[in-house]
Amino acid sequence: MLTALLSCALSGFFFLILHVAGAGSFPRPLTPAEERDCLDRLRRGDPSARSELVEHNLRLVAHIIKKE
C-alpha cells in the first residue's frame with residue numbers, strides 16, 4: 001500500500017515538474033518527416049537528435065503519467 005501511495009505521489013510530482021518546466025506548454029509534436037529525420041540522424045550518431053525526440057514527446061509522457 002505504501003508503494004502504491006508513493007508511486008502515485010511521484011507520478012503527480014513528475015507531471016507537475018514537466019508542466020512547470022515547460023512554462024505551461026510542451027513543444028509541439030514532430031511531423032512524421034521531422035521524426036524520420038531525427039531517427040536518421042540518431043542512427044548516424046547525432047546526440048542532439050535524441051534530445052530533440054525526447055523533448056518533443058514530453059506531451060505523450062505527461063499524458064501517460066496523468067492517466068495512471
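A residue is called buried when its relative accessible area is under 20%, exposed when it is over 50%, and partly exposed in between (1.4 Å probe, protein chains only). The model here is predicted, so local features need pLDDT of at least 70 and side-chain atom pairs count only at pLDDT 80 or more, while totals for chains, interfaces and linings use all residues. Residues are numbered from 1 along each chain as its sequence is written, and side-chain values use heavy atoms, leaving out hydrogens and water.

Let's start with helix α3, residues 47-56. Helices here are DSSP runs (H or I, at least four residues), numbered from the N terminus. The buried residues of α3 are A49, L53 and H56. They sit on the same side of α3 because they cover an arc of only 80° around the axis, taken from the directions from the helix axis to the C-beta atoms. On the face turned away from that buried side you will find the exposed residues P47 and R50.

What do the buried residues of α3 pack against? Their partners are α2 (32-43) and α4 (58-67), where contact means heavy atoms within 4.5 Å.

Now look at α2 beside α3. Residues E35, C38, L39, R41 and L42 of α2 meet S48, A49, R50, E52 and L53 of α3.

R41 counts as buried because its relative accessibility is 17%. Its side chain is joined to that of E52 by a polar contact of 3.1 Å (a pair of N or O atoms within 3.5 Å; within protein, one must be able to donate a hydrogen and the other to accept it, and residues adjacent in sequence count only if both atoms are side-chain atoms).

Terms used
Helices (H or I, at least four residues) and strands (E, at least two) are DSSP runs, numbered from the N terminus.
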